[in-house]
Amino acid sequence: MATRVTLIVGARPNFMKAAPLVRALRKHPDRFKPSLIHTGQHYDAKLSQLFFDELKMEPPDVYLGVGSSTHAQQTASIMIDLEKLWMKDSPDLVVVFGDVNSTMAAALVAAKLQIKLAHVEAGLRSFDHSMPEEINRIVTDRLSDYLFVSEQSGLDNLAAEGVPVGRVFFTGNIMIDSLVASLEACEKSDTLERYSLRPGEYAVVTMHRPSNVDDTNLLRQLLELMSDVGRSIPIVFPCHPRTRKEMERLGTPIADDSGLQIIEPIGYLEFLRLQSQAKFVLTDSGGIQEETTYLQIPCITMRNNTERPSTTAIGSNVLTGPDPAKIRKAIKGILDGSHRRGTIPPLWDGRTAERIVNHLLNLCP
Ligand code: UD1
């Protein structure tokens, strides 16, 4: 009998991690019967449906539609719905991705129902417990039977936490599988023309972390900085709904002569196109630190820590925190060409899903 594998996705950064694994599992129809549950943590078409279309993912088998609320409410809604589903009919294996609330909620339910649990992107730690994602990572890893790790720090962290080595597999970065598979398609996109941008002569900004956008004073300072930098280099800023809401409250302080364009969230291929041709990227995202590292595009991360230290150790990423002076200094270094150029970490090669499936072929009876 084929192993019934249920993959859980909920928020934007999950979709590009699940797509390659679904494809790789489907190559073994005699061994695996994959299904997909979308919790509905992200529900806006531009944060969700667009990604399914561009990644050529089939619609989810189950859509929970939990939507936005507080962390406890969102996590609890997902747990209640999944428990109901799995008490009636449980899969043999649940696979969760990354560090969003949907990941931890599914991990808790699977563990309590004694369903085998696999975590893709295990072991990452920012050691910053003020980040909800760090709590999600710790809980999920603690409960997982199989931990698939994307970079060396993940192996080190899990070893330090005493996770038995037999559960841990160094399989590489699955997000890079989607990136590699999409590079050709993204070259056909007319994104640059649409925003009147020339290759190598513009910057990309993303910002959505509560620590940067929920503090009105800080958000104002960061927007003023971007508006000012936009006088020297065009900037395109696809804006997350959370940030947009705060900006509406604040009244966006963008100068008339600034080349800063604040646009709606854009799709995966369009965003990949923007990143791949940018002079630099300024972000507080986790995944973008990795994508820019692979693309070898200079990245400035407006956080004081990263759970992805390979991007700063050998990649092209630098951490500035949300400090305007440090951000300006890093931008200056890039514009005058004195910044560090990075290399690509091991096993970020587009074949991670295949390696995970090879392990699962051995692990699943
Ligand atoms: C979530 C993840 C974060 C990830 C990010 C990517 C957690 C704890 N955080 O953060 O790790 O980097 O997704 O986008 O899971 N909203 C909408 N439409 C949507 C979704 C959200 O308007 O489709 C708004 C709502 O006002 C909501 C807010 O964004 O309250 C936050 O959404 P939520 O999914 O809770 O967290 P993100 O900030 O998106």
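I count two strands as paired if DSSP finds at least two bridges between them. The model I am reading is predicted.

**Entry 1: the seven-stranded sheet**

I looked up the strand order first. Seven strands make an open sheet, and the order reads S3-S2-S1-S4-S5-S6-S7. The pairing is parallel. Which are the edge strands? They are strand S3 (62-63) and strand S7 (168-170), and each pairs on one side only.

Next I checked the contact between S5 and S6. Strand S6 covers residues 146-149, and four bridges join S5 to S6. These two strands run parallel.

I then turned to strand S11, residues 280-283. Which way do its side chains point? Phe280 and Leu282 point one way, while Val281 and Thr283 point the other way. Are they buried or exposed? All are buried.

I followed S11 to its partners. Strand S8 (residues 203-205) is joined to S11 by three bridges, and the two run parallel. Within this pairing I found Val205 opposite Leu282 of S11. Strand S12 (residues 299-301) also pairs with S11 in the parallel sense, over three bridges. There the bridge partner of Thr283 is Thr301 in S12.

**Entry 2: two positive phi values**

I looked up backbone angles in two loops. Gln114 is not a glycine, yet its phi is positive, near 55°. I placed Gln114 in the loop between helix H4 (101-112) and strand S5 (116-122). Is Gln114 buried or exposed? Gln114 counts as exposed because its relative accessibility is 74%, and the cut-off for exposed is over 50%.

Ser196 is another residue other than glycine with a positive phi, about 55°. Its loop runs between helix H8 (191-194) and S8. Ser196 has 66% relative accessibility, so I list Ser196 as exposed.

**Entry 3: a patch of positive charge**

Last, I looked at charge on the surface. Which residues gather in the patch of positive charge? They are Arg23, Lys27, Lys56 and Lys188. I located one of them, Lys27, in the loop between helix H1 (12-26) and strand S2 (32-38). Why does Lys27 count as exposed? Its relative accessibility is 68%, and over 50% is enough for that label.

Technical notes
Residues numbered from 1 in each chain as written. Predicted model: local features only at pLDDT ≥ 70, side-chain atom pairs only at ≥ 80, totals over all residues. Heavy atoms only, no water. Patch = residues over 30% accessible without salt bridge, like charges linked within 9 Å, V, L, I, M, F, W, Y side chains within 5 Å. Areas by Shrake-Rupley, 256 points an atom, 1.4 Å probe, with all protein chains shown as cover. Salt bridge = Lys/Arg side-chain N within 4 Å of Asp/Glu carboxyl O. Lys, Arg positive; Asp, Glu negative; His and termini not counted. Charge placed at Lys NZ, Arg CZ, Asp CG, Glu CD. Buried < 20%, exposed > 50% of the residue type's maximum accessible area, 1.4 Å probe, protein only.
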